[in-house]
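Here is a friendly walk through a few local features of one protein chain. Please keep the structure open beside the text as you read.

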Amino acid sequence: MKTVLITAIGSFSADIVIKKCRENGMRVIGCDIYPREWVVDAGNVDAFYQVPRATEAEAYPEALLEICSREKVDGILPLIDVEVDVLCRLRGEFAGRGITLCISEDACIGLCRDKMKLFRRLEEERPGTVIPTQTLSGVKPEALSYPVVCKPYNGRSSQGLTFIGSLREMERFLVGRDVSDYIVQPLVTGDVITVDVVRNAADGAWAAVCRRELLRTLNGAGTSVRVFRNPELEGLCGRIAGWLGVNGCVNMEFIEDGQGQYHMLECNPRFSGGVEFSCMAGYDCVTEHLHCFEGKPVNTRAEITEMYIARKFEEYITGTGGAR
């Protein structure tokens, strides 16, 4: 690929994805729903475009196709879930124009974005891997053992997640609410473990990098982490990636309970917000992701240095001459 379009470049993973694409000699086009002056990385791409929200069914695809035509884009790297969902439906149209959509195939993404389907698939392959999951509409509130967690089956970034501590709280939660798209799980407490996983679907080769999330934002992005090695967990993630049919880089989240057991929460079919942590620790997830879509082998020897990494926020002047 010579020219790539990176979407949602105001998101956490954008900075390292842009840098690594540049290191690989690519021309980088960026887009976001916000204007240039609001997005720091708009100044780090060769061309920037403000686009409609991905939920705008007609305007968003039209905007991306126009950008791809104008800039001669031959690869697209979406960075957030909602854009992954929409672009999946447009895969054939992009392919017909010679544009590679750098995400896993539709079947894999369908499993990842539906937590109920993911639970059932993994229970078939590895019972006990994921937290027991039920549809909220299919259970009686009095039959649950509290506390529990309720969340949309296709939610993202902790949106809609609710902790419920008792039957009375559940009864209040259910009043006037359509729960047809909710799942319910027992509350498992412990540390959040995120694993960046790269798998090449062509030959099944994979690598994984684990980190313990020490501090996180409310929407689940790690700000202080410890990168560590755990061959057993890495191997489990490699096998899960194979069961799901992953191609490229995804991230898997687990809860490690007090007994050291890992309970899978989800698999996000995109770069994690903290993928730069893995790159800093010694494994270039972005370049290896690109290799999966360029017909190149991936590096399976993740030479990871265990380390603590913390993220800070920094101010940039992105424009002058008045407010917008």
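## Around Thr287

In this predicted model, the side chains of Thr287 and Asp284 make a polar contact at 2.6 Å. Thr287 belongs to helix α10, which spans residues 285-292.

Is Thr287 buried or exposed? Its relative accessibility is 10%, under the 20% cut-off, so Thr287 counts as buried. Leaving aside residues up to four places away in sequence, Thr287 touches Lys20 and Asn24.

Let us move on to the start of the chain. Strand β1 covers residues 3-6, with Thr3 and Leu5 pointing one way and Val4 and Ile6 the other; all are buried. In general, side chains of a regular strand alternate between the two faces of the sheet.

β1 pairs in parallel with strand β2 (residues 27-32) over four bridges, and Thr3 has Arg27 as its bridge partner there. Between β1 and β2 the chain passes through helix α1 (residues 14-23), giving a right-handed β-α-β crossover. β1 also runs parallel to strand β4 (residues 75-77), joined by three bridges; in β4, Leu77 is the bridge partner of Ile6.

## The six-stranded open sheet

Another sheet to look at is open and antiparallel, with six strands in the order β14-β13-β10-β11-β12-β15. Its edges are β14 (262-268) and β15 (307-310), each pairing on one side only. On average, neighbouring strands here are turned by 30° against each other, direction ignored.

Within this sheet, β10 (residues 191-199) and β11 (residues 206-216) run antiparallel and are joined by eight bridges. Thr194 stands opposite Arg211 of β11.

Technical notes: Residues numbered from 1 in each chain as written. Predicted model: local features only at pLDDT ≥ 70, side-chain atom pairs only at ≥ 80, totals over all residues. Heavy atoms only, no water. Pairing = 2+ DSSP bridges. Helix = DSSP H or I, 4+ residues; strand = E, 2+ residues; numbered from the N terminus. Axes fitted to C-alpha atoms, helices over the stretch in contact; angles between N-to-C directions. Buried < 20%, exposed > 50% of the residue type's maximum accessible area, 1.4 Å probe, protein only. Polar contact = N/O pair within 3.5 Å; in protein donor to acceptor, adjacent residues only side chain to side chain. Contact = heavy atoms within 4.5 Å. Right-handed = clockwise from strand over helix to strand, strands pointing away.
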